[in-house]
Amino acid sequence: MCNIFDEEKLYPYEGAIKEHFEDHYDSVFIALLPFFQLDRKETDKSNLKKAKLLSHEEALKKIDFLKKLPEANREIYNYDNERYPSDEDIFREAKVILWENIVKGSGLAGYAELNTALRTSIGGLNRNFTRPDLMEKLNNYTDSESIYHPTEGAFGMLSKMAIHKAFKLLEKNLIILTDEFYENTTTVDLDQLTEYEFCDEIGGKDYYLYSADKEILFTIEWDSFFFLIATDHKRMDQLIASDLFEGFLCNDKTEHYWEYTVEI
């Protein structure tokens, strides 16, 4: 029996997702990080994404050591776009835009193509798998509608709000937060925090959130536009009925790179 908590294996990087969790949970849901709109029209389309592709000149200004390297055909991204909406703005103003609506509006074939488009947009794919055609479809639609993209590898504000509601729904008030490298663990009591305070407690590198009794786990990894929810089937039925998260249940064959095997 594998104890994923003791062995620090709270994310299934390889193999079937359900098999990875089978000693603890019998149901796993792939939850998609939501797009969103604010009550404003964004004129600078580069601000719709947290990550921004830098020109060679911009990269030289921001990264000193590049000046010592020969110019090459490389893609460099800045992940600190200061014009991207703040967490407070998102908390107070944002309207969730479902992946389902992005797919329909952009002409993409489904979740799998949308995930590939997003990963292409951050330089997260090997050149053999990158799909600039899908990225162009996505960007054309989100630019035209001033729809902000989710930020990969972190529980965004809208997802944290949904997670807070999920813990409350399942009457789980004592929550454990653990960072990417299992170096820092914090316990928070939802009864002592407002929804915003709970969201603010979760840092960008807090990749593992679970109830103190370990009956429900939320887990993410650094380059993904989705996260996993693992629990038992009864609680999962409650979460799905609550409509807090968009996504789909893992079957016995679903893996981390689900877009290559799932027609969704």
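Mentor: What follows is a set of questions about labels in this structure, which is a predicted model.

Trainee: Let's start with the aromatic rings. Why is the pair of Phe-167 and Phe-218 called edge-to-face?
Mentor: Their ring centres are 5.2 Å apart, and rings pair if their centres lie within 6.5 Å.

Trainee: Where in the chain do Phe-167 and Phe-218 lie?
Mentor: Phe-167 belongs to helix H7 (residues 157–169) and Phe-218 to strand E9 (residues 217–219), so this pair links distant parts of the chain, 51 residues apart.

Trainee: How do you know whether Phe-167 is buried or exposed?
Mentor: Buried means under 20% relative accessible area. Phe-167 has 0%, so Phe-167 counts as buried. Phe-218 is also at 0% and counts as buried.

Trainee: What makes Tyr-207 and Tyr-208 an aromatic pair?
Mentor: The centre-to-centre distance is 6.4 Å, and the limit is 6.5 Å. With 85 degrees between the planes, this pair is edge-to-face. Tyr-207 is buried at 1%, and Tyr-208 is buried at 2%.

Trainee: How many aromatic pairs are there by this rule?
Mentor: The count is 21 aromatic pairs. There is also an aromatic cluster formed by Phe-35, Trp-99, Tyr-111, Phe-226, Phe-248 and Trp-258.

Trainee: What makes you say that a charge sits over the ring of Phe-5?
Mentor: The charged end of Lys-214 is 4.7 Å from the ring centre, and the distance limit is 6 Å. The rule also asks for a position within 35 degrees of the ring normal.

Trainee: On to charges. Why is the contact of Lys-172 with Glu-215 called a salt bridge?
Mentor: Their closest N and O atoms are 2.4 Å apart, and a salt bridge needs a nitrogen to oxygen distance within 4 Å, so the pair qualifies. Lys-172 is in the loop between H7 and E6, while Glu-215 is in the loop between strand E8 (206–211) and E9, so the bridge ties together parts 43 residues apart in sequence. Lys-172, at 10%, is buried, whereas Glu-215, at 29%, is partly exposed.

Trainee: Which residues are linked with Lys-172 in a network of salt bridges?
Mentor: The network links Lys-172 with Asp-213, Glu-215, Asp-232 and Arg-235.

Trainee: And what makes Lys-18 and Asp-252 a salt bridge?
Mentor: The closest N and O atoms are 3.6 Å apart, which is within 4 Å. Lys-18 sits in helix H1 (residues 17–21) and Asp-252 in the segment after strand E11 (247–249), 234 residues apart. Asp-252 has 60% relative accessible area; exposed means over 50%, so Asp-252 is exposed. Lys-18, at 25%, is partly exposed.

Trainee: How do you know that strands E6 and E7 pair?
Mentor: Pairing takes at least two bridges, and five bridges join strand E6 (residues 174–179) to strand E7 (residues 185–189), which run antiparallel. Within this pairing, Ile-175 has Val-188 in E7 as its bridge partner.

Definitions and conventions. Residues numbered from 1 in each chain as written. Predicted model: local features only at pLDDT ≥ 70, side-chain atom pairs only at ≥ 80, totals over all residues. Heavy atoms only, no water. Phe/Tyr/Trp six-rings, centres within 6.5 Å; stacked < 30°, edge-to-face > 60°. Helix = DSSP H or I, 4+ residues; strand = E, 2+ residues; numbered from the N terminus. Buried < 20%, exposed > 50% of the residue type's maximum accessible area, 1.4 Å probe, protein only. Salt bridge = Lys/Arg side-chain N within 4 Å of Asp/Glu carboxyl O.
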